[in-house]
Amino acid sequence: MRRITRIATVGIASAALALSATACGGKKSSDAAASPSEAGGQKSAAIAYDIGGRGDQSFNDAAYAGLKKAETDLKIKGAEAEPTDGEGEADKVQRLTELARKGNNPVIGVGFAYAPAIKKVAPKFPNTTFGIIDDTSVTGPNVANMVFNEEQGSYLAGVAAAKASKTGTVGFIGGVEVPLIKKFEAGFAQGVKDTNPNAKVLSAYLTQPPNFDGFAKPDLGKAAAQGQLDAGADVIYAAAGLAGSGAIEAASAKGKWAIGVDSDQYNQAGLAKYKDSILTSVTKDVSDSVFNLIKSVEDGKPTTGEIRYGLDKDGVGLADSNPKYKEMTDLIAAVEKAKADIIAKKITVKTAP
């Protein structure tokens, strides 16, 4: 998988520059951002990717789509920074510091793993807006928390899975067992059971924190899906980032249904070989959340605080790109009713199993 990294991790030269500035009694390089004129005259925004990086056909790629839209519509320059294998908090702090120092505004951390780093870096750049997706734990006057009701979209996936299943057994695969992914599991299982009380939901997690490989390794997702398929599941829903592509591959090989996540995975080029087996995807409007934050900064009115996207704002939902999905009229009717009932608060979706 080929990735393009536009911003390199800070190297020895940057460290030497910071040391020199401090020794001379001036500000540290991390204490001041370059102005647009210093950065070449063009305004810029940056995103720092989560585990799996760009090319995951899911979460990170959705964020990238928002950045590209901003480049096109707002005529800004976009910068990207990739994670490294086995990195720690210090690496994230260094990455965000360098992105901010170069004058990017906003700087967006894609994923909850950036929370500790943003907590450290944001106060050093008070005139830079920092966005973080999927986290509300870190707050500040220049921090925007872009969060989603994943459990609501997952409930709809559960309804669809229960309707599409012929065996009455479906599977859920979570990348890493953390509270965020438990929301996906909770909503999915509730949707399945509310639709078919006799259905069986098989659940598996690929890794446990602090091991986050479950978001990055397709072979783990493939193996877990194969186990669930062997146990009778005929619909597999994976909330596992890049690892979810392995689950989709396994379902396709068995002629069973897969449900994608975050992006409309039916339309992802990297999954084209398996697209006929992707019944639907639970979408999170990560793309618009990134674009909207960049636009708010460009408009001179930076959005901060919690920004929540749910079914009521089409911030989460189910994709209907697969023509086979559109043919399932009973399934669609059940999904639409569930959506209306959630929005009307007739159904309260659980956020933990």
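So, S9 and S10 pair in the parallel sense, over five bridges. Strands here are DSSP E runs of at least two residues, and helices are H or I runs of at least four, both numbered from the N terminus. Two strands count as paired if DSSP finds at least two bridges between them. For a spot to look at, find Val261, which stands opposite Val282 in S10.

Before I go on: this is a predicted model, where local features need pLDDT of at least 70, side-chain atom pairs count only at pLDDT 80 or more, and totals for chains, interfaces and linings use all residues. Residues are numbered from 1 along each chain as its sequence is written, and side-chain values use heavy atoms, with hydrogens and water left out.

Okay, back to S10. Is it buried or exposed? Six of its seven residues are buried, so S10 is largely enclosed by the rest of the structure. Buried means under 20% relative accessible area, exposed means over 50%, and partly exposed is in between, using a 1.4 Å probe and protein chains only.

For angles, axes are lines fitted to C-alpha atoms, for helices over the stretch in contact, and the values run from 0 to 180 degrees between N-to-C directions. Contact, by the way, means heavy atoms within 4.5 Å.

Next, a helix pair. The axes of H5 (residues 150-164) and H11 (residues 329-343) come within 9 Å and cross at roughly 155 degrees. H5 and H11 are therefore roughly antiparallel to each other; the cut-offs are under 35 degrees for roughly parallel, over 145 for roughly antiparallel, 65 to 115 for roughly perpendicular, and oblique for the rest. Which residues make the contact? On H5 they include Tyr155, Leu156 and Val159, and on H11 they include Leu331, Ala334 and Val335.

The peptide bond from Asn105 to Pro106 is cis, with omega near 10 degrees, and Pro106 is in the loop between H3 (89-101) and S3 (107-109). There's also a cis bond from Pro209 to Pro210, again with omega near 10 degrees. Pro210 lies in the loop between S7 and H7 (218-230).

And then there's phi. Gln57 isn't a glycine, yet it has a positive phi of about 65 degrees. You'll find Gln57 in the loop between S1 (44-48) and H2 (59-74), and at 16% relative accessibility it counts as buried. Asp314 isn't a glycine either, and its phi is positive at about 55 degrees; look for Asp314 in the loop between S11 (305-309) and S12.
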